[in-house]
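Open your viewer and get ready to click along. We will stop at one residue, then look at a whole chain and the place where two chains meet.

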Amino acid sequence: MNRPSLAWKLYIAAFYLFLFAPLLVVAIFAFNASPFPSPPWRGFTLEWFTGSGAVFGKPGVLADPIWLDSIGNSFKVAIPVALLAVALGTVNAWVLERAEFRGKTLLAMMMLWPLVIPGVVLGISILAFFSRVANGLEDFFQTDLDLLRPGLPLVILGQLSFILTIATLIIAARLRKFDRSLEEAAFDLGASRARVLRTITLPFLSPALIGAGLVALLMSFENFNTTLMLVGSEPPLPITMYGQMREGATPAINAVSLMLMLGVGGIASLFALTSKAER
Amino acid sequence: MMTRQASRLTLFLLLAPAILWLGLLIVLPHVEILVLSFSERVAPRVYAFGLGNYLEFFTEPLYWRTFARTAFMSILVTALTLVLAFPIALYIARVAQGRVKAILLLLCLLPFWVSELVRTLGWMMLLRETGVVSYALRAVGLADQPVELLYNDGAVILGLVYGGLLFMIVPLANALESLEPAVVEAGFDLGGSRWTVLRRIVIPHAMPGIVAGSIIVFMLTVGNFATPVLLGGKNGLWFTEQIYAQFITRFNWPQGAAFGMLLLLLSSAIVWLGLRLTGQSLGSTLKQA
């Protein structure tokens with residue numbers, strides 16, 4: 001089995017070609033000087049990134065308010081999701097690893113649930129539940145509660161519902177490796193609880209905190225299924241891309257995809273570095 | 001160090017985020033759609049308890065056919081993904097060494113950090129009538145007019161298999177990693193052919209990885225939305241699309257909630273069945289992935 005046959009090697013090569021073909025096509029055609037994202041090749045241009053629309057009648061990504069607003073909306077969602085996921089995930093990890101109470105096994109199991117619920121179902125359930133809450137509160141207070149209607153705040157809650165599981169798991173895995181005698185030594189030396197947390201425990205956890213934050217950022221940026229159900233009038237990037245792909249887009253969508261790939265690649269390599277630092 | 005009451009208060013405060021999260025974002029919303037799915041409209045703005053939404057599902061052929069089609073195609077996609085991924089995982093785990101191994105695994109991971117929408121865009125650009133494949137076929141003379149490869153079941157299956165591959169390769173490679181080379185050699189020494197060794201030694205050893213990968217790929221496929229809708233077009237007919245249509249387009253929330261419950265049931269049933277048949281637990285399965 002250690003001497004692979006030629007057929008096996010050819011299969012491996014074909015597989016990697018298959019894996020990268022769609023991404024390469026997207027990247028290459030971002031630079032095609034044509035109003036349509038398809039062959040033939042009509043020469044190199046940066047028009048779909050920076051162009052104002054003078055050449056092809058449609059602007060490039062960085063001059064088009066539709067794309068810029070969507071990128072902005074994505075950040076408006078991803079940053080709160082990442083911060084909340086890290087903060088709440090740390091508390092959850094603490095509960096899983098340190099606290100002792102009845103029903104802990106059940107709670108640990110329930111924390112895994114969001115990963116087995118289809119994203120679309122998470123989306124509609126949160127949409128329906130918060131609409132009922134909003135209706136109830138509006139009747140009671142006689143005011144409008146737009147916060148709980150489809151829109152960015154609801155998208156944040158929807159994404160948080162499952163991203164929090166992943167953040168919790170990443171941070172709990174790190175906390176499990178922590179040598180508690182370090183904390184005890186600090187207590188013996190007279191440190192307060194807050195000081196131990198600040199100078200011993202959190203610095204030890206920091207690679208996992210950064211890693212969990214980066215993963216949360218990525219997952220939020222790329223989430224489509226849950227977001228689609230909860231989105232209002234301010235679409236994040238994947239929703240805008242979906243709309244453009246259905247209608248038939250200009251190569252600006254290739255340009256935005258390439259920027260996304262580079263951004264994601266950057267964050268992913270940061271994450272790889274932080275998880276290497278953990279070892 | 002602390003009084004009993006103070007430590008109880010601390011525990012309560014620490015538990016609060018988890019309880020709020022699971023209660024407000026998971027449990028109560030699912031209770032809400034369960035209740036909603038059993039409510040029928042008896043008059044404008046008046047709803048009553050009833051099984052009408054589920055009856056509608058069974059009496060309207062479009063609905064249950066789409067459901068059955070989604071389930072069947074997801075199983076097919078899972079099986080195809082397993083067959084395609086196995087040689088790759090075996091190569092990464094057993095043949096490749098050192099640096100090559102790390103690079104091969106990293107190259108597998110890379111495309112999956114990229115958004116699903118970008119990957120689907122790539123396939124659309126390759127397969128559509130004016131796309132790269134059609135253009136290349138004409139350029140080399142294999143076709144004399146544009147070929148439409150998009151908007152059929154083949155394209156949907158292709159896109160879904162592509163999206164599932166990583167989630168199959170990683171658990172498989174992890175499981176195969178722990179296989180002792182001596183055991184494989186013993187199999188050959190005892191006169192086993194390649195095929196016998198694969199069937200009697202390698203595959204049974206990889207079983208936890210096969211189960212974990214298959215469950216995850218099935219869940220992701222059945223709950224997918226963008227890939228079947230974009231690559232299948234009008235012929236995509238995926239059940240998540242029906243949920244979306246009821247909720248967002250038709251604003252018939254009770255019907256959409258019933259569909260949501262059915263999808264959840266399908267997904268959970270298959271996951272449970274897979275775990276049952278192979279005696280694995282959910283926790284260890286998710287850890288494999």
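Select Val256(A) and show what surrounds it: beyond its neighbours within four places in sequence, Val256(A) is in contact with Val61(A) and Trp67(A) (contact means that C-beta atoms, placed from the backbone, lie within 7 Å). This is a predicted model, where local features need pLDDT of at least 70, side-chain atom pairs count only at pLDDT 80 or more, and totals for chains, interfaces and linings use all residues. Residues are numbered from 1 along each chain as its sequence is written, while chains are lettered from A and ligands numbered from 1 in the order in which they are written.

Is Val256(A) buried or exposed? Val256(A) is buried, because 29 other C-beta atoms lie within 10 Å (buried takes 20 or more, exposed 12 or fewer, partly exposed in between).

Switch to chain B, which has 13 helices and 2 strands. Of its 289 residues, 42% count as buried.

Finally, show both chains. The contact takes 66 residues from chain A and 62 residues from chain B. Highlight helix H1 (residues 4-37) of chain B, which gives the most to the side of chain B touching chain A, with 15 residues.

Definitions and conventions: Two residues are in contact if their C-beta atoms, placed from the backbone, lie within 7 Å. Helices (H or I, at least four residues) and strands (E, at least two) are DSSP runs, numbered from the N terminus.
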